[in-house]
Amino acid sequence: MDFTAYKNRNLIDAHAHLTDSRFDGKREEIIESFFENGIKAVIEAGADLISSRDGAKLSKEHNNIFFTAGIHPEYADGYSDKDLCEIKKIAENKKCLAIGEIGLDYHYDGADRLKQEKLFKSQLEIAKELKLPVVIHLREAASDMLNIVKDMKSYFHSGALFHCFSQSTEYMKELLRINEEFCFSYGGAVTFKNAESRREVLKKTPIENLLLETDCPYMTPHPFRGETNEPKFINITADKINELFGYSTDKITTANAERFYGIKY
Ligand SMILES: [Zn+2]
């Protein structure tokens with residue numbers, strides 16, 4: 001599908017993994033075609049030390065790419081204090097706009113919940129020290145997450161983005177009662193045929209708190225499921241969101257991403 005009809009749309013992909021090896025050989029071409037495909041900027045999400053470093057490098061080479069640095073909960077078993085110092089050092093880069101993705105993920109058997117909590121809290125401290133917002137990965141750990149957010153409220157003062165948000169409307173409201181500026185981003189999953197409940201939550205999300213993302217190479221929107229996801233597919237998600245809201249949210253989601261991340265081009 002040709003996406004050049006979306007030129008000048010100026011959307012922001014608030015969470016992508018362009019340094020993933022699946023993009024080897026075509027990364028530069030994809031980045032060069034951002035503008036043609038309706039994309040103004042992409043935030044590259046770190047998930048461990050290597051991807052955080054790679055994000056720093058990619059953002060240095062391209063004006064419209066920024067990055068986040070952090071260790072994903074699925075790596076809670078193997079990190080060291082030295083790695084955390086390194087994350088902090090990487091995050092001092094002026095194109096690093098947040099600490100993330102960090103959080104809790106109890107999906108896999110053997111997930112060490114205590115280690116995940118410790119890793120998450122350590123990175124919240126880094127975010128607080130550097131006055132950076134956080135990008136949160138949350139999967140099957142809703143109540144523990146809520147308790148941490150409540151207990152450590154002040155650690156989220158620079159903002160929090162719950163990426164690929166998949167919880168209930170009630171849960172979102174609960175978070176917004178703690179901090180009305182918390183943000184939620186949605187990706188290709190809102191286009192899936194069986195995602196009616198996710199769309200219901202999306203529709204209840206306050207428009208000023210809503211961001212777009214691809215989480216590429218994962219979460220390719222319908223009808224492209226099975227293909228590697230890329231930033232250009234964000235147009236499909238944006239179209240779906242506009243259809244659900246009944247008006248164009250394009251300018252608003254871009255402004256929200258710029259405000260949340262403090263993007264300076
Ligand atoms: Zn991600």
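Reader: Is F182 buried or exposed?
Author: This is a predicted model, and in it F182 has a relative accessible area of 1%. Buried residues are those under 20%, so F182 counts as buried.

Reader: And F156, buried or exposed?
Author: F156 has 0% relative accessibility, so F156 is buried.

Reader: How many aromatic pairs does the structure hold?
Author: There are 12 aromatic pairs in the structure. One of them joins F156 and F182, whose ring centres are 5.9 Å apart. The planes of these two rings stand at 75 degrees, so the pair is edge-to-face.

Reader: Where do F156 and F182 lie along the chain?
Author: F156 is in the loop between helix 5 (142–151) and strand 6 (160–162). F182 is in the loop between helix 6 (169–178) and strand 7 (183–186). The pair therefore ties together parts that are 26 residues apart in sequence.

Reader: What is the geometry of the pair formed by F165 and F184?
Author: The F165 and F184 rings are edge-to-face, at 4.8 Å centre to centre and with 65 degrees between the planes. This pair links distant parts of the chain, with F165 in the loop between strand 6 and helix 6 and F184 in strand 7, 19 residues apart. Both F165 and F184 are buried.

Reader: Which residues do the ring pairs link into a cluster?
Author: The cluster consists of F156, F162, F165, F182 and F184.

Reader: Let us change topic to the metal. Which residues are the protein donors of the zinc ion?
Author: The zinc ion has H15 (NE2), H17 (NE2), E101 (OE) and D215 (OD) as its protein donors, at 2.1 to 2.4 Å. Along the chain these donors follow the spacing H-x1-H-x83-E-x113-D.

Reader: Which parts of the chain do H15 and D215 tie together?
Author: H15 belongs to strand 1 (residues 11–16), while D215 sits in the loop between strand 8 (210–212) and helix 8 (234–245). Parts that are 200 residues apart in sequence are therefore tied together by this pair. H15 and D215 are both buried.

Reader: What are the angles at the zinc site?
Author: The angles among the 4 donor atoms run from 86 to 173 degrees, and the site is irregular.

Reader: Next, the pockets. What is the volume of the largest pocket?
Author: The largest pocket has a volume of about 760 Å³. Its lining has 27 residues, and those nearest the centre are H72, E74, H137, D215 and Y218.

Reader: What about the second largest pocket, and what is its volume?
Author: The volume of the second largest pocket is about 250 Å³. Among the residues lining this pocket are N63, F66, C96, Y261 and Y265. Its lining comprises 6 nonpolar, 2 polar and 3 charged residues.

Definitions and conventions. Residues numbered from 1 in each chain as written. Predicted model: local features only at pLDDT ≥ 70, side-chain atom pairs only at ≥ 80, totals over all residues. Heavy atoms only, no water. Donors = N, O, S within 2.8 Å, 3.2 Å for Na, K, Ca; no water. Tetrahedral: all angles 85-135°; square planar, octahedral: opposite > 155°, others 65-115°. Helix = DSSP H or I, 4+ residues; strand = E, 2+ residues; numbered from the N terminus. Buried < 20%, exposed > 50% of the residue type's maximum accessible area, 1.4 Å probe, protein only. 1 Å grid on protein atoms, 1.4 Å probe; cavity = no way out; pocket = protein on both sides within 12 Å on 5 of 7 lines; lining within 4 Å. Points joined across faces, edges and corners; volume = space filled by probe spheres on them. Nonpolar A, V, L, I, M, F, W, Y, C, P; charged D, E, K, R; others polar. Phe/Tyr/Trp six-rings, centres within 6.5 Å; stacked < 30°, edge-to-face > 60°.
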